[in-house]
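Please look over the sequence and the model below.

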Amino acid sequence: MTKEELLNSVNQKLTEHFHGSLEHSEMLYDFPVFTINKEKIHEVLSFLKNDSDLNFHFLTDLCGFQTEDEKHLGVIYHLHNLPKNLRIRVKTFFPMTHPEIPTATNIWKAANWMERETYDFYGVKFKGHPNLKRILNVDEMDIYPLRKEYPLEDQTRDDKSDKMFGR
Amino acid sequence: MAKKQNKNITAEEVVAETTAPKTKKKEKLVTPAFDPENMVEEKEFSTLNLGPTHPATHGIFQNVLQMDGEIIHDAVSTIGYIHRAFEKLAERRPFYQITTITDRLNYCSSPINNFGWHMTVEKLIKAEMPKRAEYMRVIIMELSRIADHLICNSVIGVDTGAMTGFLYIFQWREKIYDIFESICGARLTTNIGRIGGFDKDFSPRTWELIRNFIKEYPKGLKEFANLLERNKIFMDRTVNCGPISAELALEYSFTGPNLRAAGVDYDVRVMNPYSSYQDFDFIVPIGTAGDTYDRFMVRQEEMWQSLRIIEQALKNMPDGPTHANIPSFYLPPKEEVYNNMEALIYHFKIVMGESEVPKGEVYHCVEGGNGELGFYLVSDGGRTPYRLHFRRPCFIYYQAYPEMIKGRMLSDAIITMSSMNVIAGELDA
Amino acid sequence: MAKDKQIIKRTKLEIAKSPEGLEGPGFFATKLEDVIGLARANSLWPLPFATSCCGIEFMATMASDYDLARFGSERLSFSPRQADMLMVMGTIAKKMGPILRQVYEQMAEPKWVLSVGACASSGGIFDTYSVLQGIDRIIPVDVYVPGCPPRPEQILEGVMKIQELAKNESLRRRNSDEYKKLLNSYGIE
């Protein structure tokens, strides 16, 4: 199956089964990419995993994303079908004021820590996650550091001036 | 004896209990008479805090274990003790400077990370790579795979009480470092190569070092294998220790040697060939049980296969340029910078990180030392990536660790961890 | 005795120099301080607090090629109670800071701290929200080793510098007001 055929067949199946939830699909470099409405994301993911033809049973990656207008957050899934060696990317976006989507931990066990990391970095709340708390940063932290509005640098340093280092 | 009510509580509750301020109740001590006939079997769990600075964990991982005697009943892992914010840092650095950050991901095999990142950017800018540069990359990547597996396997030896293998094999690791050093000047965090290939061809001395290495190393590896592979004590310790089934491994998104040890022949080098891996003939070794011994043996065999790949690469090394024709990423030679206006402009642009990149998003993965190392790069056409996410294999498979050690001995948990090759830098990003 | 010296000459071994003193047939008189300094310097038990990349270079330092054992640091003491020298190797994140401090506090006097690598010394390239910008913000440091990561030779030189400090340290230093003031400035009692 070539990449274009894969794009078309997933496209067809998703429009057939989830009428109207497939917002957008395109080919980005060598990856078929699908943007799904967040209301249906859990159903779509579990369909993609359990469909006998597609069978994306391997969750390669899950990460957070912030759109350029800084008003929306997103979650990006990379799925892989090992026997047929097919890969797709699934995206979903939601407003920053209400960052809540259903968890994927009941579809893939591997999603557990990846979702915790996404929560830690972007503050995305995964509904139904068994243990949603910070994983890499300290629990007391009150910012979501990877959002664009927060600075990268350590704020306690006073020996680096803007003039010299362009911070 | 007061009746214990803690039969079904999890380790998390125990952690909460131990950290909560204690209020001491005054109780009268009543010692019941000892009655062997009417003993009620009671289970009493103890909590053991393993880490973060435990000598046997090789890095900083914390595991709070709920122990039933010597058996682990439940475990909770805490990570993040060296979280360094790679992803945020990468959003503020020009593309060529990110190579430096990737060095520190899996620092046992930095060149693989470097090349993985270079290939991601090359994919984004659609650069055509010359064969010679790809073959040179393959040689370095396989050398660093050997270096990575050497650390892991010798450390399994150390944890099972065999220091000898570690001391013997590290001499050979130093020889790999010598090769890296002659190419780029650094030993561990190599920062090797450029986006688009290499800055120059290897020197004759480097070629000689590589040839000598593949000629002599089999002797050293054989010696190491003789020490451990069929060693009765080593086998008793590692066979059936911390096994994981193929189904569970896939569910937890295992990749690399750990997945192959469980019996799934997934190798990025074969499935999605990059850097001309399709030209080479090699075997993907797999195990059956997914236990510590299988993981050890898969890594041993991979080292032999790496040697085969290097031999083939040396034999079939094509001639030609060592870098792609992408002047906006490749620093021009110094003579041209001094004598040619255009070269000077490129030099300036590259050093200031102002090279133009197209808008787009790519995912590229390479077979790292411990699994599929992926780079998800979103570029908005600016001088830095808009978003760069590293798919870190350790981070993803380490979450299965509590499940792998449940119901097993504490001493097995230690070697299970060292055989999984969890690298703290990669785990915590 | 003469034979021993011959062997030493042949294998080019060097034994630790004896301190200055009054020597005669059957006796040797010197200052207690010098003898203790000599003993301390040549039997430093390191506590390797290896967190990241520098830890791998430390493994190379320990292994056969560079062999830290030549400097009397054969025995790694993973327990802070028995350790003399805290070797901090690698990035210390803010989450790790309290643990490092606790380890330091648990060590018995006299203790020395060797900060290996750019991250431990100053935060290195990681000027980020999660990394402690140098361990000297929470514990006093005796010797800094630059490099990212430093070569094993550099780590060895750092250890030798600590040896020098240990050799020349006054026995009363750890009880002096100055030293207490130093610790208090870090909030350590």
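What covers the buried residues of H6(C)? The model is a predicted one, and in it the cover includes helix H2 (32-41), H3, strand E4 (85-89), strand E5 (112-116) and strand E6 (143-145), which belong to chain C.

The helix itself, H6 of chain C, runs over residues 152-168. Its 17 residues reach 25 Å from the first C-alpha to the last, close to the 24 Å expected at 1.5 Å a residue. The buried residues of H6(C) are Pro152(C), Ile155(C), Gly158(C), Val159(C), Ile162(C), Gln163(C) and Ala166(C). They lie on the same side of H6(C) because they cover an arc of only 150 degrees around the axis. Glu153(C) and Asn168(C), on the other side of H6(C), are exposed.

Among the residues that Leu114(C) touches are Gly158(C), Val159(C) and Ile162(C), which are buried residues of H6(C). Leu114(C) also touches Met85(C), Leu86(C), Met87(C), Asp142(C), Val143(C) and Val145(C), leaving aside residues up to four places away in sequence. In the largest nonpolar core, which has 206 residues, Leu114(C) is one of three that touch the most other members, along with Leu86(C) and Val88(C). The largest share of this core comes from chain B, where helix H5 (residues 131-159) supplies 15 residues.

Chains B and C also meet: 27 residues of chain C are in contact with 27 residues of chain B. On the side of chain C that touches chain B, helix H3 (53-62) and helix H4 (97-106) each supply at least two residues. H3(C) gives the most, with four residues. By class, this side of chain C has 16 nonpolar, seven polar and four charged residues.

Key: Residues numbered from 1 in each chain as written. Chains lettered and ligands numbered in written order. Predicted model: local features only at pLDDT ≥ 70, side-chain atom pairs only at ≥ 80, totals over all residues. Core = buried A, V, L, I, M, F, W, Y, C linked by C-beta atoms within 7 Å. Buried ≥ 20, exposed ≤ 12 C-beta atoms within 10 Å, placed from the backbone. Contact = placed C-beta atoms within 7 Å. Nonpolar A, V, L, I, M, F, W, Y, C, P; charged D, E, K, R; others polar. Expected span 1.5 Å × (residues − 1). Arc of directions from axis to C-beta.
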